[in-house]
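Hello,

Here is the structure I promised to pass on to you. Have a look at it first, and then read my notes on its pockets below.

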Amino acid sequence: MMSPQVILLKEGTDTSQGIPQLISNINACQVISESVRTTLGPRGMDKLMVDSRGKATISNDGATILKLLDVVHPAAKTLVDIARSQDAEVGDGTTSVTLLAAEFLKQLKPYVEEGLHPQTIIRAFRTATNLAINKIKEIAVPVKKDDKQEQRELLEKCAATALNSKLIAGQKDFFSKMVVDAVMSLDELLSLKMIGIKKVQGGGLEDSRLISGVAFKKTFSYAGFEMQPKSYENPKIALLNVELELKAEKDNAEVRVKSVEDYQAIVDAEWNILYDKLEKIYKSGAKVVLSKLPIGDVATQYFADRDLFCAGRVQEEDLKRTMMACGGSIQTSVGAMTDDVLGLCEVFEEVQVGGERYNIFKGCPKAKTCTIILRGGAEQFTEETERSLHDAIMIVRRAIKNDSIVAGGGAVEMELSKYLRDYSRTIPGKQQLLIGAYAKALEIIPRQLCDNAGFDATNILNKLRAKHAQGGMWYGVDINNEDIADNLTACVWEPAVVRINALTAASEAACLILSVDETIKNPRSSVDGPPGGAGRGRGRPHAH
């Protein structure tokens with residue numbers, strides 16, 4: 001007799017479990033990787049994403065693309081997350097991570113279909129990842145930190161490799177120097193916030209410039225502003241968080257006035273409060289006054305008469321960067337304007353850049369900050385340039401901190417693939433097949449590089465396998481000549497930590513997706529609406 005069906009979950013709940021569920025998750029990840037697959041490498045294509053508001057973004061950065069795709073599939077979201085974590089941790093290699101994770105799953109699909117238990121697979125993958133990472137550490141080339149010139153060349157090559165696959169690859173020599181200069185001017189912590197990137201439309205890419213110091217756009221100004229001098233030598237800088245405007249005190253308090261004289265006294269008091277503040281600032285000897293809050297027209301005129309320069313409504317981060325560069329501290333009152341709270345710099349000037357005016361502080365004593373002013377035609381283009389530079393800056397930071405590098409262009413992957421394949425033949429059992437599958441999956445990177453450049457991938461991979469078997473450790477794809485080349489001598493370098501991070505993240509994601517064998521979807525969560533009935537309480541919905 002059939003047992004009655006037990007209804008456990010409320011109707012409409014969608015559950016799927018077992019092997020079909022695993023397979024569908026793996027397929028979803030393949031779809032994700034398809035979308036970023038063609039962006040890999042120097043010959044990669046770019047994607048144009050248009051969001052719901054109609055804003056177009058052109059990008060080649062895996063993390064940016066996946067962020068803008070609204071992925072709803074729960075398992076596929078894992079891939080988006082690893083791309084983001086790679087972006088946050090290392091800055092570059094986001095496309096490779098996604099591709100690797102998807103390829104691992106693709107190679108495992110036949111084993112899952114044959115009913116091999118996921119835990120066995122996960123165990124093998126963990127082993128393979130550890131082996132691969134130890135191998136990277138073993139073969140990575142250390143950087144000599146003592147020789148500044150050599151270290152600099154190395155960093156420039158790492159930056160150039162990161163920029164190779166971006167839109168600005170044509171100007172990579174120009175930008176890689178700029179990026180290395182920018183990072184070298186920071187202090188030990190290498191904090192990213194200290195590199196300001198400002199975008200100005202118009203001009204060519206080559207007009208971009210690096211300012212060792214702080215630059216920000218001219219702020220909103222009142223009458224009298226043009227009378228102020230626009231450049232100073234060795235000025236003192238006052239950084240304020242004070243509003244220098246006529247505050248109508250009657251807005252803040254209720255005042256009952258019996259006669260006109262009383263009213264006049266109130267008005268005079270307002271003026272006196274303001275003039276008092278202004279005089280204190282003037283007396284402090286500051287020549288440049290920056291404030292986060294607005295500086296009104298009276299104040300602007302007052303400063304102009306006394307040859308001071310002022311800018312109100314300066315953005316907070318710009319003000320903070322000025323403080324880091326020029327010393328001093330941000331004051332919230334003008335009572336204690338002593339010399340130790342004022343900043344200093346060698347030259348302050350206001351310069352026309354394209355259609356914008358920029359206030360530039362140069363020769364800052366504490367200069368651990370710099371600003372890159374980017375020029376370029378279309379807005380999307382300068383934005384993509386900013387993203388590319390961000391990747392390059394991250395890579396240079398990583399290369400300074402972790403001082404070993406590996407050759408890019410698929411060379412590391414092929415070497416690891418060979419090493420794991422050889423290793424897998426020495427062990428019995430299912431592990432042998434799985435580590436073999438891991439080794440095969442690593443070949444996706446060089447293969448995709450070939451596909452994107454329009455080469456015959458099979459042919460080049462065969463050449464690479466042969467070369468690595470003969471001991472050509474750093475041979476990878478040579479994009480320019482449709483052949484293979486020793487990428488260590490060809491200067492296609494990247495920090496070893498990029499690859500280590502990519503492998504760890506990709507295999508973690510693959511293991512995570514494999515270990516899920518059931519998805520339960522609550523019916524309500526699919527509709528975005530307030531829970532509960534239509535109206536409040538139990539009454540009928542109120543007719544609007």
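The largest pocket holds about 720 Å³ of space. Please keep in mind that this is a predicted model, where local features need pLDDT of at least 70 and side-chain atom pairs count only at pLDDT 80 or more, while totals for chains, interfaces and linings use all residues. Residues are numbered from 1 along each chain as its sequence is written, and side-chain values use heavy atoms, without hydrogens and water.

A pocket here is an open set of points on a 1 Å grid over the protein atoms alone, where a 1.4 Å probe fits, with protein on both sides within 12 Å along at least five of seven lines; lining residues have an atom within 4 Å of a point. Points are joined across faces, edges and corners, and the volume is the space filled by probe spheres set on them.

Around the largest pocket are 40 lining residues, with Pro-42, Thr-161, Asn-164, Gly-409 and Val-492 nearest its centre. (Helices, H or I of at least four residues, and strands, E of at least two, are DSSP runs numbered from the N terminus.)

The second largest pocket has a volume of about 590 Å³. Its lining has 23 residues, and Gly-196, Ile-197, Lys-198, Glu-317 and Arg-321 lie nearest the centre. Strand S5 (195-201) is one of the elements giving two or more residues to this lining, and S5 has the largest share, with five.

Best wishes
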